[in-house]
Amino acid sequence: MAIHLVLLSSLEKIMRNEPITESNFTGFSMLNNERKSFQLHISSDCDKVSLEIQSDLSCITPYTVEYLPSEYAINEKTADDYVIRSKDGYYPDLLLPASETIKLENGSKTLWFEINPTQKLEAGIHKIEIIISSDNMKSSASLEVEVINCPLEKQSLIFTNWFHSDCLMQEYGFEAFSDEYWRVVKNYISVAREHGMNCILTPLFTPSLDIAIGGERPTVQLIDVKVTEGKYSFDFGKLKKWISIAQNCGIEYFEMSHLFTQWGAKFAPKIMADVDGENKKIFGWHTRAYSKKYKKFLTEFSSELKSVIEELGLKDKTLIHVSDEPNLSQIFSYRIAANIIKKLFSGYKIIDALSNYGFYKYKLVNTPIPANNHIEPFINNVPELWTYYCCAQDNRYVSNRFFSIPSQRNRVLGYQLYKYNVKGFLHWGYNFWNTQYSKKKINPYEITDAGKAFQSGDSYVVYPKKDGTPLCSLRLKVFYDGFQDMMALKTLEKLAGREKALAVLEKGLEKKLTFFEYPHSNEWQLESRERINMEIKSSLKTQNNK
């Protein structure tokens with residue numbers, strides 16, 4: 001009997017029952033306030049082993065990497081070839097907090113370790129030794145971490161990962177706006193913020209997102225509406241509480257939910273109201289976008305909403321939506337809705353995910369958000385470049401975070417966001433635990449593809465824990481590593497200029513980095529980040545010697 005250990009970077013995805021390639025991974029450098037992860041693969045004849053961490057770094061948290069099923073890994077008709085594999089099966093994704101005793105599965109287990117400092121780390125070389133033992137056997141693996149005496153620049157990019165509070169309600173069984181609702185919402189916002197989300201989808205009214213025509217999602221509207229003898233009045237107490245909780249978690253921007261239905265802005269979202277003492281649906285699928293009654297409602301509502309936003313000092317931190325993902329065939333209905341919103345919210349940032357340049361060309365939206373595989377016409381042609389991806393972005397080698405794609409393809413996004421000076425990134429699935437069109441809830445541990453509708457990993461990056469807190473996926477950790485790469489480049493830019501930062505990033509590349517062109521290599525990803533760190537270290541030394 002023996003214990004065999006292999007140290008690995010956070011970019012490796014170890015597939016179940018596949019041989020492990022020996023690694024020359026021995027460590028890395030990091031700035032003094034960032035998070036870093038690495039992995040250790042254990043193979044042994046033992047059923048269980050003991051874990052011990054020896055290091056002067058006290059902020060190391062171990063996790064076990066767990067495998068989850070995928071019945072829809074990739075769309076083989078549209079996907080390119082930069083995937084781990086295209087077949088269904090089990091993929092590594094869930095990170096579970098590890099105890100001192102590790103149970104092995106078929107003689108192996110992969111551990112994930114995260115260095116997560118609560119304060120700036122001491123500069124210098126730190127050694128980490130991982131000791132794995134069982135009975136009279138013992139094996140160890142060690143690595144060195146160099147901490148550079150410099151913090152990451154603060155994230156300036158706006159990142160929203162759509163937050164679905166109705167999915168929390170369905171999973172945990174509490175009612176909207178109960179004490180338990182607010183407790184769990186805070187827990188999930190906190191973890192999202194820790195991983196780069198600084199903007200939150202805010203349900204003024206129940207979001208009309210991923211829902212079949214005529215269907216509806218559980219009511220989560222933050223605005224209490226009252227209709228008395230045909231006149232509207234509004235209570236913003238819940239909205240203010242939502243904003244306060246989010247700000248206490250570190251959220252800075254508020255993305256107000258869409259004021260028209262998804263895919264064309266043809267109808268009003270579901271809006272509930274107290275009508276002469278009775279709770280009723282006053283708008284919804286029965287309400288055309290251009291109806292005089294809904295326009296009158298929006299006129300009165302927007303006036304009071306703007307007063308609240310400006311009273312809270314949030315005008316420059318508020319994002320307004322018309323409708324999600326309209327296509328060019330829906331431009332007529334979108335134009336009607338967009339013109340209403342532009343007039344009512346003059347001076348506000350209006351954003352929408354849409355990938356046809358015509359919507360911007362015809363001045364229907366001032367901040368378009370194209371998908372990253374349709375971004376070329378928008379580059380250098382819009383005042384602020386934003387982008388997003390979802391289930392349709394599986395081609396042209398663009399970044400995404402499906403189960404089946406390599407972690408490097410997930411992480412490279414950070415470099416791309418920096419290279420193109422992207423101001424905002426949107427993703428629709430922080431915790432969407434439903435089937436497509438929200439027809440029914442799912443168990444995210446068992447169904448990872450929204451009922452064979454979206455490639456596994458598209459619709460959520462966290463898993464529900466019974467105590468009302470989320471468990472993270474390794475995809476979320478790797479995604480945030482990309483953001484840290486982006487912020488490291490910002491740090492270098494502050495020290496040595498943007499031209500220098502770009503030169504260091506693209507050093508040795510045969511082709512310039514784009515959203516479609518980049519080395520498909522874990523080694524390049526890691527080495528380029530080390531090169532950036534060493535240039536930061538050198539620039540600091542130069543400044544200190546002046």
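Here's a quick look at one helix pair and the cysteines in this structure.

The model is predicted, so local features need pLDDT of at least 70 and side-chain atom pairs count only at pLDDT 80 or more, while totals for chains, interfaces and linings use all residues. Residues are numbered from 1 along each chain as its sequence is written, and side-chain values use heavy atoms, with hydrogens and water left out.

**The helix pair**

The crossing of helix 1 past helix 2 is right-handed. On the helix 1 side, Ser165, Leu168, Met169 and Tyr172 make the contact, meeting Tyr181, Val184, Val185 and Tyr188 of helix 2 (contact means heavy atoms within 4.5 Å). Sort those contact residues by type and you get 7 nonpolar, 1 polar and no charged.

**The cysteines**

How many disulfides does the structure hold? It holds 0, where a disulfide is a pair of cysteine sulfur atoms within 2.5 Å. Here's how two of the cysteines, neither in a disulfide, sit relative to the nearest cysteine sulfur:

| Cysteine | Nearest cysteine sulfur | Distance |
|---|---|---|
| Cys167 | Cys391 | 16 Å |
| Cys390 | Cys391 | 4.5 Å |

Cys167 is buried, with a relative accessible area of 2%, and Cys390 is buried too, at 10% (buried means under 20% relative accessible area, with a 1.4 Å probe and protein chains only).

How values were computed
A crossing is left-handed if the near helix is turned anticlockwise from the far one by less than a right angle, and right-handed if clockwise. Helices (H or I, at least four residues) and strands (E, at least two) are DSSP runs, numbered from the N terminus. Ala, Val, Leu, Ile, Met, Phe, Trp, Tyr, Cys and Pro count as nonpolar, Asp, Glu, Lys and Arg as charged, and the others, Gly among them, as polar. Buried means under 20% relative accessible area, exposed over 50%, partly exposed in between (1.4 Å probe, protein chains only).
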